Amino acid sequence: MQPIKVSLQYLLPKHALSRLVGKLAAAQAGFLTTWLIKLFIKQFKVDMEEAQQPNPEKYKSFNEFFTRPLKEGVREIVEDPQKLAHAVDGTVSQLGDIEADRIFQAKGHDYSLTTLLGGDAELAKPFEGGKFATIYLSPRDYHRIHMPMDGQLTDMVYVPGELFSVNPLTTAHVPGLFARNERVVSFFDTPHGKMALVLVGATIVASIETKWAGTVTPPTGKQVQRWQYPAQGNNAVALKKGEEMGLFKLGSTIVAVFEPGMVELENMQPGDVTRLGQPFATLKS
């Protein structure tokens, strides 16, 4: 049954299905919207006590519910300046060393760092031999992404691609999954080196947004697009540790990458639960 589930994804019109679901998720359908939200909460055991608005009847659309902010103080951001904070609530998929230009995905599968980051060898080269962490956001998780450390945005890259599911089953069976799905890559200069955060699209992910650019996708593009940002002036983007940097409308995965010698990741294993703000890595300098 599992191979069949994976094989069917190659046949599905994933982009069309995802855009349709996106329109439905954005609809303000009154009773039907509330019914769907309550069903989702029950099915996935969503903890609404953590939400800034715990009453499902107050959400006008499913997207508004899915991207709900948390109550103030529900997630404490680690204060130690030598510690990076987890960027999301989720589950560790994989983490460890980037072997030259290769990132480990699952047993029998790895993929190209350069391809993941959009195909520009110049942008990817600083991260070769560095560290990576892949975190999966399940449907029940909080779906806003926050900064692991202070960073100055230098580039944003939109990469067109497939929209395979990114659940553990698909991750284990689809070669190069995260480097073939649609994604948005944000590059940051930090006081300790370079960091990139990759927001990976997936089946029925209706939108990927960043705080500085708003909705990046949809619409779906056919070409890689790159935006560059200055260090100073009106278009400069500087974000502090714990500050929100983007969100998913419906769930997906992030991949964080760091240049060599910059961080030592916490003692985590695939399958470990992550919580926004908890210690993620320690600076090595």
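Q: How exposed is D110, judged by relative accessible area?
A: Residues are classed as buried (under 20% relative accessible area), exposed (over 50%) or partly exposed (in between), using a 1.4 Å probe and protein chains only. D110 has a relative accessible area of 37%, so this residue is partly exposed. The model is predicted: local features need pLDDT of at least 70 and side-chain atom pairs 80 or more, while totals for chains, interfaces and linings use all residues. Residues are numbered from 1 along each chain as its sequence is written, and side-chain values use heavy atoms, without hydrogens and water.

Q: With which residue does D110 form a salt bridge?
A: A salt bridge is a side-chain nitrogen of Lys or Arg within 4 Å of a carboxyl oxygen of Asp or Glu. D110 forms one with R102, where the closest N and O atoms are 3.0 Å apart. R102 is also partly exposed, at 35% relative accessibility.

Q: How many salt bridges does the structure hold?
A: The structure holds 15 salt bridges. One of them joins the side chains of R75 and D89, at 2.8 Å from N to O. R75 counts as buried at 15% relative accessibility, and D89 counts as buried at 2%. Another joins R144 and E244, at 3.2 Å from N to O. R144 is buried, with a relative accessible area of 16%, and E244 counts as buried at 15%.

Q: Which residues are linked in a network of salt bridges?
A: D97, K131, E264 and K284 are linked in such a network.

Q: Is F31 buried or exposed?
A: F31 is exposed, since its relative accessible area is 65%. By contrast, F40 and F66 are buried.
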